[in-house]
Amino acid sequence: MRVQQLAARTGYYTTAAALAIVFLFPLVWAGWASVKPTPGSGQQVGYGFGNFIKLAHYGKGLPTYLLNSTLIAAIAVAGTLVVATLAGYAFARFRFPGRNLLFLAILAILMVPYPTLLIPLYVLLGWLGLQNTLVGLALVLTMFQLPFATFIMRNSFEAVPRELDEAAMVDGATTLAVLTRILLPAVRPGLITVGLFAFLASWSDFVVPLILISSPDKFPLPVAVVNMQQQVFGSIDYAALEAGVVVLAAPCMVLFLILQRGYVRGFMSGSLKG
Amino acid sequence: MAAPNALFSRSAAARRSQYQLAGIAYATPAALVVGVFFLVPLGLVLWMSLHQWPLIGDPTFNAPANYTRIRDNALFIDAVWFTLKYTIVVTILLFAAAFGLAMLVQRPRPGVGFFRTAFFLPGAVGFATASLLFYGLLSRDLGPLNPILSALGLIGKPISWVSGSPNLALGSSIGLVIWRWAGFNMLILLTGLQAIPGEVYEAARVDGASRWQQFTRITLPLMRPTIALVLILMITGSLLAFDQFYILTNGGPDNSTTSVVMVIVREAFTRFDLGSAAAVSVLVLATLIVFNVVQLRVLRRGDRPAGD
């Protein structure tokens with residue numbers, strides 16, 4: 001029995017460790033390939049950051065693309081947090097005409113394939129004067145985040161006992177004061193989850209800016225790196241490409257590892273009730 | 001209930017309507033975003049599909065030409081068959097991988113947190129980023145795969161994974177998708193697995209049920225809603241596949257890995273025909289709505305015996 005248990009445990013840890021290596025290997029390899037010496041790349045002799053320096057000077061320059069991506073992510077995260085928090089508060093605490101209809105409309109976003117929306121959005125943003133702008137792009141990304149974000153925020157507010165806001169109301173607090181002073185601190189985990197999801201999605205999104213942004217000085221980093229991959233004639237500089245992958249992936253992985261708990265908790269409440 | 005006095009009920013009514021107004025005010029930003037960026041485009045795509053709509057210039061009404069022309073679009077027909085084939089293969093493999101991982105990390109034991117994080121970590125990276133990563137990883141120039149395989153004596157000469165043949169290109173894309181999405185789906189399945197009370201298994205064990213019986217008689221039936229959710233996500237995602245083919249295989253070789261969404265983008269921004277792209281989009285939307293309704297029926301039916 002003892003031997004059997006030991007064998008089972010060894011088998012388990014061997015399998016799990018082998019699988020962990022399979023899943024982690026590409027990430028580790030990308031980091032290594034971006035700094036190792038590669039003939040014909042920005043880093044020819046010894047280990048170093050030559051590929052990153054080459055990447056920094058590609059096209060309009062890495063700082064431009066990084067700034068674009070940061071702005072897009074910042075507007076999309078802020079927009080998602082504000083809109084979803086207010087909507088979550090409205091759905092959890094108030095009854096008003098059109099309440100169910102609006103909630104259904106928000107959830108319906110999940111049902112509609114994104115290309116169905118991107119073609120008309122391209123035309124619509126033109127009419128609104130938002131075509132080829134970072135703000136227009138960030139607002140579209142905010143819209144795509146709303147179903148999940150509103151759902152999480154509504155659940156978060158519903159989990160807070162109503163007695164808390166009722167007591168404050170009796171003391172004469174307005175609904176806005178109740179939200180900012182009492183409820184917001186209570187729903188902080190929900191806010192972290194929603195913000196993290198919005199960041200991961202908007203920082204890395206490729207299709208939406210590919211279609212909605214046309215001038216190279218407004219490209220976010222994913223579009224710029226894919227352009228580098230597809231526009232180079234002759235030999236592709238794979239090492240510089242992996243340097244781009246590292247710049248794209250690093251913030252996501254660091255944020256995920258720090259906020260992992262919030263992410264998983266949001267996931268559980270989202271998928272269990274969804 | 002005692003009759004409330006007039007003064008009190010009037011102020012209560014006033015408060016109630018004030019309350020309603022506050023609710024409307026808080027919901028307004030969401031209503032605006034959904035209205036402008038979701039409902040209006042939804043109507044607009046239908047309208048556009050009825051027009052000859054060039055990228056630049058004025059649209060002219062031409063219904064139903066955009067729809068009738070879809071039939072003659074050979075690239076689209078091929079893309080439909082390819083996308084269906086891809087969806088079936090990927091859903092089976094990805095589901096098996098995700099379920100296997102979820103079973104592996106289900107029980108708490110030393111080190112299980114590390115394994116969960118390791119399996120999920122590719123899911124934190126953007127899908128386009130992952131596609132770029134694999135483009136280098138599978139390349140003949142920089143990729144480590146060919147040297148490793150030839151050192152092991154498994155291959156004689158280097159293989160062009162992403163462009164060597166249609167099957168290699170499809171296989172590379174599937175490898176990428178499983179790597180990027182298995183951990184994500186594992187997490188959803190894990191929430192379902194952990195919602196099954198331990199006592200149920202305990203009782204089955206007392207009754208002498210084998211491991212396999214526990215799996216088929218308890219785990220699978222109680223997991224049905226979660227499994228349905230994961231399958232909906234996988235099938236919808238696969239039918240709308242774009243990044244992996246646009247970036248990793250560029251639709252090739254010989255358009256063999258061109259998906260439906262790639263055709264939509266090509267109609268719009270290579271052929272500058274937004275009306276045709278809109279018509280294909282509407283077709284995809286209609287297909288997915290039918291599919292989702294059917295799936296939700298199945299999901300509901302699975303919910304009832306489990307007792308919600």
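This is a predicted model: local features need pLDDT of at least 70, side-chain atom pairs count only at pLDDT 80 or more; totals for chains, interfaces and linings use all residues.
# Chatting through a two-chain model

Biologist: OK, and what is the secondary structure of chain B?

Modeller: Chain B comes to 13 helices and two strands.

Biologist: What radius of gyration does chain A have, next to a compact globule?

Modeller: Chain A has 23 Å, whereas a compact globule of 274 residues would be near 19 Å. That radius is taken over C-alpha atoms, and the globule rule is 2.2 Å times the number of residues to the power 0.38. Along the principal axes, the C-alpha atoms of chain A fill a box of roughly 75 × 75 × 35 Å.

Biologist: How much of each chain counts as buried?

Modeller: In chain A, 45% of the 274 residues count as buried; in chain B, buried residues make up 36% of the 308. Buried means 20 or more other C-beta atoms within 10 Å of the residue's own, exposed means 12 or fewer, and partly exposed is in between, with C-beta atoms placed from the backbone.

Biologist: Switching to the interface: how many residues does the contact take from each chain?

Modeller: It takes 66 residues from chain B and 71 residues from chain A. Two residues are in contact if their C-beta atoms, placed from the backbone, lie within 7 Å.

Biologist: Which helix supplies the largest share on the side of chain B?

Modeller: That is α1(B), with 21 residues of the side that touches chain A. By class, that side of chain B has 53 nonpolar, eleven polar and two charged residues. Ala, Val, Leu, Ile, Met, Phe, Trp, Tyr, Cys and Pro count as nonpolar, Asp, Glu, Lys and Arg as charged, and the others, Gly among them, as polar.

Biologist: Which residues touch the most other members of the largest nonpolar core?

Modeller: V140(A), M143(A), L146(A), A98(B), A182(B) and M186(B), in a core of 157 residues. A nonpolar core is a set of buried Ala, Val, Leu, Ile, Met, Phe, Trp, Tyr and Cys residues joined through C-beta atoms within 7 Å. Helix α6 of chain A (residues 134-158) gives the most to this core, with 15 residues.

Biologist: What is M143(A) in contact with?

Modeller: Leaving aside neighbours within four places in sequence, M143(A) contacts I109(A), V33(B), V34(B), F37(B) and F38(B).

Biologist: How is chain B divided into domains?

Modeller: Into domain 1 (6-49) and domain 2 (70-306), with bounds from an automatic or database domain assignment. Their C-alpha centres lie 38 Å apart. The contact takes four residues from domain 1 of chain B and six residues from domain 2 of chain B.

Biologist: Is helix α8 of chain B buried or in the open?

Modeller: Of the nine residues of α8(B) (198-206), the number buried is zero, so the helix lies largely in the open. Just after α8(B), G208(B) takes a positive phi of about 85°.

Biologist: Which residue other than glycine has a positive phi near 55°?

Modeller: That is D254(B), in the loop between α11 and α12 of chain B. N255(B), not a glycine, has a positive phi of about 60° and is found in the loop between α11 and α12 of chain B. For context, most residues other than glycine have a negative phi.

Biologist: Why is D254(B) classed as exposed?

Modeller: Because D254(B) has 11 other C-beta atoms within 10 Å. N255(B) counts as partly exposed, with 16 C-beta neighbours inside 10 Å.

Biologist: Last one: how far apart are the C-alpha atoms of A186(A) and F157(A)?

Modeller: They are separated by 8.2 Å, with the two residues 29 apart along the chain. A186(A) lies in helix α8 of chain A (residues 175-186) and is partly exposed, with 15 other C-beta atoms within 10 Å.

How values were computed: Residues are numbered from 1 along each chain as its sequence is written. Chains are lettered from A and ligands numbered from 1 in the order in which they are written. Helices (H or I, at least four residues) and strands (E, at least two) are DSSP runs, numbered from the N terminus.
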